[in-house]
Amino acid sequence: MSIPEAVVEAVRAARHILVVTGAGVSAESGVPTFREAQTGLWEQFDPHELATPEAFLRDPELIWRWYHWRRELVSRVRPNPGHYALAELARLVPGLTLITQNVDGLHQRAGSEDVVEFHGNLFEDRCFAEGCVVTNGDMDAPAPHCPGCGGLLRPGVVWFGEAIPPQALHTAGQAAAKCDVFLSVGTSSLVWPAAGLGDAARESGAMLIEINPDATTLTDRVHHYLQGKSGEVLPELISSIARD
Ligand code: APR
């Protein structure tokens, strides 16, 4: 697809770009989104039933088996051209804030720095009671415990019903207030507060651009909807900007 000239010019002239990504940016890497059917043993489970503190406390060993399965799956995949294009974009503009709802760490593996992880990171272990990151837990145990307090360890992700890390929220609000361009990539824009960032950016006068093969709840409020896969559209955007 060709990128509209207005988009190329706005991105080239932008002082600060706010990018919000969702599961769609990792789809071409082979990471199933929450809403796609789970496979194998996990097919019988609804992720929304598993990714909660209540489910974890009810059966920590089951939840740890699920997360070990997800960690194994994600460790086998690689960033795709969309991840690399966003890392490149940050090098082409004066300021860029990258907020992701994904927990797969693929943006970082593609070279993006200062990634704001709204929903935490799949590969982090945290003490359930204290919330701190733990790096020396006995991760081979069926339900690992914190070496510090002896309580349960949990995956370092934000579960349904839990709050977004306050620092991440603060960074997001600041970026939405000062950005000239807002770029929504691969998210259904259904889950708040990430889903509200586009409207906040628009109120600050930013140009809203959405990259997604399917229309979303945000699509009718953006200035430019680039229909397509992020692994194809983002590299095209980068080459359009670099082209004189
Ligand atoms: N390129 C770009 N977008 C894509 C691609 C692709 N190749 N493939 C799919 N998509 C789009 C889908 O059309 C959909 O709009 O990615 C979006 C994925 O939406 P969701 O599965 O709802 O994922 P996300 O928006 O990240 O969900 C937000 O909700 O499931 C919880 O905590 C979980 O972080 C997640 C949050």
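**Entry 1: strand E6 and strand E7.** I began with a pairing: strand E6 (residues 181–185) and strand E7 run parallel, joined by five bridges. I noted that this is a predicted model. Across the pair, I found Leu183 opposite Ile209 in E7. I then traced the path between the two strands. E6, helix H9 (residues 197–203) and E7 form a β-α-β unit, and it is right-handed.

**Entry 2: the other partner.** I looked up strand E8 (residues 224–227) next. E8 pairs with E7 over four bridges, in the parallel sense. Here I found Asn212 opposite Gln227 in E8.

**Entry 3: burial of E7.** I checked each residue of E7 (residues 207–212). Six of the six are buried, so the strand is largely enclosed by the rest of the structure. I sorted the side chains by direction. Met207, Ile209 and Ile211 point one way, while Leu208, Glu210 and Asn212 point the other way. Both sets are buried.

**Entry 4: the whole chain.** I stepped back to the protein chain and counted ten helices and eight strands. Its radius of gyration is 19 Å, close to the 18 Å from the globule rule for 244 residues, so the chain is as compact as a globular protein of that length. Along the principal axes, the C-alpha atoms fill a box of roughly 60 × 35 × 30 Å. I noted that 52% of the 244 residues count as buried. The chain exposes about 11500 Å², and carbon and sulfur atoms supply 52% of that area.

How values were computed. Residues are numbered from 1 along each chain as its sequence is written. This is a predicted model: local features need pLDDT of at least 70, side-chain atom pairs count only at pLDDT 80 or more; totals for chains, interfaces and linings use all residues. Side-chain values use heavy atoms; hydrogens and water are left out. Buried means under 20% relative accessible area, exposed over 50%, partly exposed in between (1.4 Å probe, protein chains only). Two strands pair if DSSP finds at least two bridges between them. A crossover is right-handed if, with the strands pointing away from the viewer, the path from the first strand over the helix to the second runs clockwise. The radius of gyration is taken over C-alpha atoms; the globule rule is 2.2 Å times the number of residues to the power 0.38. Accessible areas come from the Shrake-Rupley method with a 1.4 Å probe; for residues, only the protein chains shown count as cover.
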